[in-house]
Amino acid sequence: MAITRKKRRLSTSIRPSTLCHVDMTPFWFFSILVLVLIPSVGGATSFSGEVVSVVDGDTFDVEHEQVIERIRLHGIDAPEKGQEFSRRSRQFLETLTMKQRVTVEAKGHDKYARTIGDVFLPDGRNISNELVTAGLAWWYCRYSSDATLQQVQEDARAAKLGIWSDPAPIPPWVYRKFQRFQVPDLSDLACPRPTSHSHGAR
């Protein structure tokens with residue numbers, strides 16, 4: 001009986017009002033921290049850095065805050081190694097950007113952990129636009145709805161510049177399928193509504 005009475009006293013000693021005195025400071029601190037950080041994680045970021053190396057016609061390395069970050073240009077696809085104009089595309093990008101301080105407007109990352117972004121030269125020119133205008137990269141319409149890229153590609157094609165000097169150029173994404181022994185289909189030659197910024201096919 002003594003044990004029963006002890007249990008009853010313990011149960012009645014806890015009143016609902018005491019539950020209101022729990023220290024909520026850690027909870028509020030965590031909530032505020034989440035609210036502050038979520039927008040910065042979800043939104044696009046912008047940073048500047050010096051181009052230190054060029055990989056190919058649409059990929060290069062930027063040194064930013066003493067870290068080398070690999071950048072994949074958004075909205076375009078340059079000829080692959082083994083394709084005609086691959087070397088010229090890389091040389092053009094190298095001449096345009098090497099040792100230049102560029103501004104990267106990041107849109108996300110692809111499956112290779114490269115930063116996908118629009119990149120601008122010190123004078124404000126968009127590097128993707130420059131490559132497509134010169135006929136040394138394709139507008140990657142599967143991942144971009146940029147009307148400017150579409151227009152400059154049509155102009156380059158009409159002038160038969162670069163890749164458009166070939167009457168039947170093979171898009172890099174189709175070439176990659178051939179390299180993987182895959183069969184291209186009609187969707188590879190059409191321009192569907194852009195699905196993402198990931199450029200995950202490459």
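Helices (H or I, at least four residues) and strands (E, at least two) are DSSP runs, numbered from the N terminus. In this predicted model, Gln 66 lies in the loop between S2 and S3. Five strands form a closed barrel in the order S1-S2-S3-S6-S5, with mixed pairing. Neighbouring strands of this sheet are turned by 55° against each other on average, direction ignored.

- Strand S2 covers residues 59–64, and strand S3 covers residues 67–73.
- S2 and S3 run antiparallel and are joined by six bridges.
- One of the paired residues is Glu 63, whose bridge partner in S3 is Ile 68.
- Helix H3 (residues 86–97) lies across S1 (45–56), S2 and S3.
- H3 runs at about 135° to S1.

**Nonpolar core**
- The largest nonpolar core has 34 residues.
- Phe 60, Leu 73, Val 102, Val 119, Ile 127 and Leu 131 have the most contacts inside this core.
- Ile 127 touches Phe 60, Leu 73, Leu 93, Leu 96, Thr 97, Val 102, Val 119 and Leu 121, leaving out residues up to four places away in sequence.

**Helix H4 and Asn 129**
- Helix H4 spans residues 127–133 and includes Asn 129.
- Asn 129 has a relative accessible area of 18%, so this residue is buried, as the cut-off is under 20%.
- Beyond its neighbours within four places in sequence, Asn 129 is in contact with Thr 148, Leu 149 and Val 152.

**Helix H5**
- Helix H5 (residues 147–158) has twelve residues.
- H5 reaches 17 Å from its first C-alpha to its last, close to the 16 Å expected at 1.5 Å a residue.
- Leu 149, Val 152, Gln 153 and Ala 156 are buried in H5.
- An α-helix has 3.6 residues a turn, so residues three or four places apart point the same way.
- Ala 147 and Ala 158 are exposed on the other side of H5.
- The buried residues of H5 pack against S4 (76–77), H4 and S7 (138–139).

**Positive phi in loops**
- Most residues other than glycine have a negative phi.
- Gln 66 is not a glycine, yet has a positive phi of about 65°.
- Gln 66 is exposed, with a relative accessible area of 77%.
- Lys 160 is not a glycine either, and has a positive phi of about 55°.
- Lys 160 is in the loop between H5 and helix H6 (172–179).
- Lys 160 has 60% relative accessibility and therefore counts as exposed, the cut-off being over 50%.

Definitions and conventions: Residues numbered from 1 in each chain as written. Predicted model: local features only at pLDDT ≥ 70, side-chain atom pairs only at ≥ 80, totals over all residues. Heavy atoms only, no water. Core = buried A, V, L, I, M, F, W, Y, C linked by side-chain atoms within 4.5 Å. Buried < 20%, exposed > 50% of the residue type's maximum accessible area, 1.4 Å probe, protein only. Contact = heavy atoms within 4.5 Å. Pairing = 2+ DSSP bridges. Axes fitted to C-alpha atoms, helices over the stretch in contact; angles between N-to-C directions. Expected span 1.5 Å × (residues − 1).
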